[in-house]
Structures are given as C-alpha cells and as structure tokens.
Amino acid sequence: MKNFTIYLFILFFLLVNKMIGQETFENKAKAIAVSIEKITTEEKAALKKEIDEVNSQLIEGTISKEEAEKKKKSLAEIRARNIENRTAVEQDKLQELVQEKVDGKIDYKKERGGTIILLGGSNDSIKPNQTEINIPSMKVYEGREAKVKRESKRTTSQFVFAAGLNSTMVDGKLQDSNYSFIGSHFYEWGFTFNSRIMADNNLLHAKYGLSLMYNNLRPTDNRSFVVNNEVTELVTNPINLKESRFRNVYLVVPVHLEFDFSKDGNYEGKSYFRTHKGFRLGVGGYTGINVKSKQILKYEDNDYKTTQKTKGDFNTNNFIYGLSAYIGYKETSLYLKYDLNPIFQDNPVKENNISLGIRFDFN
C-alpha cells in the first residue's frame with residue numbers, strides 16, 4: 001500500500017538524523033507525524049457529518065434507500081482517496097526534509113541526551129533530556145516528562161495494523177475446501193482512539209476509529225467467480241490459472257470495549273494511568289461500506305503471461321457489519337473478526353467472511 005512507504009521514509013530520515021543532528025530535524029518530523037494523524041481525524045469527522053446529512057434526507061423522504069446507499073458509498077470512496085492523497089503530500093515533505101538534512105541545511109545547535117529509535121514495542125526508560133521516536137506509532141517524545149504527559153491522557157491514539165488468514169463460513173462450517181487456506185488472507189490498517197471510561201479506574205476503555213479492511217479469497221480447483229442471473233458462483237475456468245484471487249475492500253468504523261490490565265506508571269513519586277502496557281482484551285464489532293470489489297486472474301496464453309483485473313460489485317453487499325475480538329499483551333494481540341452479513345446479496349448459499357490473525361496497536 002502506498003501509505004506504508006511513509007514508514008520507510010521515516011526509518012531512513014531517522015537513521016540520517018542519528019548520524020548528523022536532531023533538534024530542528026526532530027521538530028519537523030514531529031510536525032509531519034501530527035499532520036498525518038490530523039488528516040485521518042479530519043476526514044473521519046467530515047465523512048460522519050456527510051453520512052448524517054444523507055441519513056437526514058432519507059428520514060425526510062427526499063431520497064430513496066437505494067439513493068442513500070449510493071451516496072454513502074460515493075462519499076466513503078472520496079474520503080478514502082482524500083486520506084491517501086493528503087498523506088502523499090506529507091510523504092513528499094519527508095523526502096524534502098531528508099534532503100535538507102543531507103545538504104546540511106538543518107543545524108544541530110542544542111546539547112541533548114541523544115535519540116532513542118523504536119521500531120516496535122515500548123520504552124519506559126527514556127531520560128529527561130532524551131528524544132524518543134517511535135516509528136510504528138508515529139510519535140515523537142521530547143523527554144520523559146513529555147512522554148508521561150501524553151501517556152497519562154484520558155484519550156490516546158494508536159496506529160493499528162492486522163494481518164492473517166481469511167475464509168468463509170456457511171451454516172457454521174468453514175469453507176476450507178473452496179478457498180486456499182494459506183493463500184486467502186486479510187489485512188487491516190487504520191487509526192484508533194482509546195478513551196478511559198472511568199476517571200478513577202483504568203480497567204475499561206472505549207476504543208474506536210477508522211480502518212481499511214482487505215479481505216482476500218483464493219478459490220481452489222482452478223475456479224473463479226462469475227455472476228449468473230444475479231447469483232455469484234464459483235465456476236471452473238477453461239484456462240489453467242496461475243492465480244485466482246477475489247478481494248473486497250471496506251472502509252469501516254470499529255468499536256470495542258477494551259479491558260486493559262496495565263499497571264500504573266510512576267513519575268517523580270506520582271502514579272498515573274497507562275494503557276497498552278499489560279494484558280488487554282477487546283470485544284465489539286464494526287460497520288462500514290464496500291469501497292471496492294476486484295477479481296485478479298493470472299494465466300499464460302500462448303507463452304504470454306496475462307493478468308486480468310475485473311472491478312465491479314459482483315453482487316456483493318454494499319454494507320458490512322460484524323463482530324470482532326482480540327486478546328494479547330501490550331501492543332500484540334490475537335485477532336478474530338466475523339461478518340454477520342453474507343458477502344453476496346442474492347446467493348442461495350450465504351457465505352460469511354471470517355478472519356483470524358495478529359493485530360498490532362502501536363500506542
């Protein structure tokens with residue numbers, strides 16, 4: 001995905017920063033990280049407002065249910081593109097920042113205690129005059145006090161990434177014969193907010209955000225999906241397929257009740273609440289819309305390698321809703337999600353997507 005290149009640029013400019021200098025460089029890097037987080041928040045708020053307006057029109061009877069669904073899907077696609085395009089601008093800023101550092105245009109003028117670079121996990125031993133740059137969470141802490149202040153907030157933010165195996169279920173039975181067990185996979189990325197529910201107790205948290213879900217299915221036995229009379233079927237392909245893959249992309253709003261058993265932190269003799277420092281359990285669900293359905297077929301025709309990509313609705317449901325849960329330690333969890341509505345609208349056999357994998361909440 002395009003946005004993951006941002007992290008490669010961050011890693012590169014952090015290594016350059018460590019060798020050459022850091023104060024002005026870190027300030028600019030922090031501003032870019034904050035800007036990326038702000039972009040997602042703004043687009044999510046704008047999408048919510050637009051969908052509320054569509055719902056109001058539906059209630060007032062000025063538009064039909066079908067028109068409302070089309071509008072919502074179109075609005076979600078626009079906001080998803082906005083996130084990608086606006087984030088690309090920040091990526092360009094990172095490239096420019098790296099070049100400025102290499103050219104010596106950013107000076108190191110202030111004595112500091114060094115820089116800690118985290119590629120994963122967390123660090124509780126940051127010194128008062130050190131700078132910590134956490135790449136996965138896209139956060140920069142200028143000293144121990146700044147980190148404690150942000151960690152102890154009632155609402156914190158996380159970058160979330162999940163990946164694993166994907167399949168479908170029919171009447172409670174896993175359809176492992178229809179789809180490749182290893183080849184069918186899912187991945188998800190997005191941003192969440194974690195809000196402590198009670199002011200004087202750290203156990204219960206409301207976790208909510210915005211994510212993109214990618215659900216991939218790889219049919220077995222040289223088959224692919226074909227729509228016949230509004231029914232989507234798996235049919236045997238006359239050509240020997242090197243690859244057959246069907247992907248649905250969803251823009252979803254996940255909401256979980258999280259039980260966080262993190263121990264309290266201590267700074268200068270005072271205790272404070274922390275999150276993502278111990279065992280965590282989240283239960284909840286998600287709802288959203290389908291922004292893209294695509295089938296990819298690869299085969300050889302007369303010694304020519306061919307890739308055929310077909311986009312369309314494939315009779316898929318425009319909306320998605322389901323249940324999800326995760327359990328783990330610190331930022332790493334085992335993650336399970338299950339769609340309550342079937343993938344295809346009018347199929348006589350109702351297939352519900354199910355996914356199991358690893359989830360990372362970079363706080």
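Reader: Which residue in β9 is the bridge partner of Asn 228?

Author: This is a predicted model, in which local features need pLDDT of at least 70 and side-chain atom pairs count only at pLDDT 80 or more, while totals for chains, interfaces and linings use all residues. Residues are numbered from 1 along each chain as its sequence is written, and side-chain values use heavy atoms, with hydrogens and water left out. Strands β8 (residues 223–228) and β9 (residues 231–236) pair in the antiparallel sense over 6 bridges, where pairing requires that DSSP finds at least two bridges between two strands. Within β9, the residue bridged to Asn 228 is Val 231.

Reader: What is the phi of Asn 229 in the turn between β8 and β9?

Author: Strands (E, at least two residues) and helices (H or I, at least four) are DSSP runs, numbered from the N terminus. The strands β8 and β9 form a hairpin with 2 residues between them. In that turn, Asn 229 has a positive phi of about 55 degrees.

Reader: Which residues of helix α4 are buried?

Author: A residue is buried under 20% relative accessible area, exposed over 50% and partly exposed in between, with a 1.4 Å probe and protein chains only. In helix α4 (residues 144–151), the buried residues are Arg 144, Lys 147, Val 148 and Glu 151.

Reader: Is His 276 buried or exposed?

Author: His 276 is placed in the loop between β12 (270–272) and β13 (279–301). Although His 276 is not a glycine, its phi is positive, at about 60 degrees. With a relative accessible area of 3%, His 276 is buried.

Reader: What is the relative accessible area of Phe 314?

Author: The loop between β14 (304–311) and β15 (319–329) contains Phe 314. Phe 314 is not a glycine, yet has a positive phi of about 50 degrees. Phe 314 is buried, and its relative accessible area is 9%.

Reader: How many salt bridges does a search of the whole structure find?

Author: A salt bridge is a side-chain nitrogen of Lys or Arg within 4 Å of a carboxyl oxygen of Asp or Glu. Lys 38, Glu 42, Glu 43, Glu 50, Arg 79 and Arg 86 are linked in a network of such contacts. Across the whole structure, the number of salt bridges found is 14.

Reader: How many residues apart are Arg 86 and Glu 42?

Author: The side chains of Arg 86 and Glu 42 meet in a salt bridge at 2.7 Å, N to O. This pair links distant parts of the chain, with Arg 86 in helix α3 (residues 65–102) and Glu 42 in helix α2 (residues 23–60).

Reader: Is Glu 243 buried or exposed?

Author: Arg 218 and Glu 243 meet through their side chains in a salt bridge (2.8 Å, N to O). Arg 218 lies in the loop between β7 (201–217) and β8, and Glu 243 lies in strand β10 (residues 241–260), 25 residues apart. At a relative accessible area of 14%, Glu 243 is buried.
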